[in-house]
Amino acid sequence: MPKNNKIYWFEGVTEKGVKSLLNDQNSKFAWLRLQRNRRILVIIMTLGFLVLSLGSYWPVLKANLTISQGAQLVIFSTTAILVVLSTIVGYLLLRVSVRGIADAPDELLDERQIKIRNTSFRYSYYLMGYITMGLMILLIYGPGVSLFQGEGNDGSYLFIAVLFAFASLPSMTLAWREKDI
Amino acid sequence: MLHSIYAICMSRNPEEPVYNRIEQARTALGLTRQELADQVGVHYQTIGYLEREEYSPSLVLALRISEALNQSVSELFSMTAFKKGK
């Protein structure tokens, strides 16, 4: 009999995936669920988002370097790929560290888990507001950043960093606040 | 804004405690946290949170736990601390 693995498209998780994260058996990531390690991961992720968002200013940095165009291209492309890949890996580790609770649907969680998930979303909503406010101040008063122009201070990295940050905020809040996950 | 950041950084909000004797009743029946959790349909850590009185259960969960531990809700849960040895 084929096993049903329900896919929750809206939440971006599968039933099997969430159940396996909630289950302690065969867990290779138990160390990641310690509060201290979760908080370290949150700090690393925050720094990662800052580095990623600063990518918008790399062209300015590039202009001040006295290396060949080819070397610049290799250095900056490799750095960009590594930063984006690290952010994706960090995001996935973060999901594992909170057992996928931040992204799981109600029917796979118990009442306490639903409560902590909802609280994390509430605080993430506030944080998103503050980040958006900071971003608007930066765009109005900060050095000129153009989105997807491919020249000058291209704001694509800033845009990607904010998107990743918004997607990660519920897990980050949960990872920071909860004693036992 | 500062209050929100403070609340996020704090581990958890204070909650009015519901005192309980889940641990005593569970160990008397020889059940592990996992076994009780499976019987009442919650994660085993939720049982831990309840036993440490760090989480107040809903009425539905309190009734399920009482049934699983063969005790009444009033024997198992209280708004005031239980006297030791009782």
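Which way do α2(A) and α6(A) lie to each other, roughly parallel or roughly antiparallel?

A: First, a bit of housekeeping. This is a predicted model, where local features need pLDDT of at least 70 and side-chain atom pairs count only at pLDDT 80 or more, while totals for chains, interfaces and linings use all residues. Residues are numbered from 1 along each chain as its sequence is written, and chains are lettered from A, with ligands numbered from 1, in the order in which they are written.

Chain A has six helices and two strands (DSSP runs numbered from the N terminus: H or I of at least four residues for helices, E of at least two for strands). Going from the N terminus, their order is β-β-α-α-α-α-α-α.

Now for your pair. Helix α2 (residues 35–54) and helix α6 (residues 156–177) of chain A have axes that come within 9 Å and cross at roughly 170°. Axes here are lines fitted to C-alpha atoms over the stretch in contact, with angles from 0 to 180 degrees between N-to-C directions. Angles over 145 degrees count as roughly antiparallel, and α2(A) and α6(A) are therefore roughly antiparallel to each other.

So who meets whom? From α2(A), the residues involved include A:Val42, A:Met45, A:Phe49 and A:Leu52, and α6(A) answers with A:Ala161, A:Phe164, A:Met172 and A:Trp176, among others. Being in contact means that C-beta atoms, placed from the backbone, lie within 7 Å. By class, this contact has 14 nonpolar, two polar and two charged residues (nonpolar: Ala, Val, Leu, Ile, Met, Phe, Trp, Tyr, Cys and Pro; charged: Asp, Glu, Lys and Arg; polar: the others, Gly among them). Zoom in on A:Ala161: apart from neighbours within four places in sequence, A:Ala161 touches A:Phe49, A:Leu52 and A:Ser53.

A:Ala161 also turns up in the largest nonpolar core, a group of 27 residues, as one of those with the most contacts inside it, along with A:Val98, A:Ile101, A:Met172 and A:Ala175. A core like that is a set of buried Ala, Val, Leu, Ile, Met, Phe, Trp, Tyr and Cys residues joined through C-beta atoms within 7 Å. Buried means 20 or more other C-beta atoms lie within 10 Å of a residue's own, placed from the backbone. The elements giving two or more residues to this core are α1 (15–22), α2 and α6 of chain A, and α6(A) gives the most, with ten. Across chain A, 29% of the 181 residues are buried.

Definitions and conventions: A residue is buried if 20 or more other C-beta atoms lie within 10 Å of its own, exposed if 12 or fewer, and partly exposed in between; C-beta atoms are placed from the backbone. Angles under 35 degrees count as roughly parallel, over 145 as roughly antiparallel, 65 to 115 as roughly perpendicular and the rest as oblique. Two residues are in contact if their C-beta atoms, placed from the backbone, lie within 7 Å.
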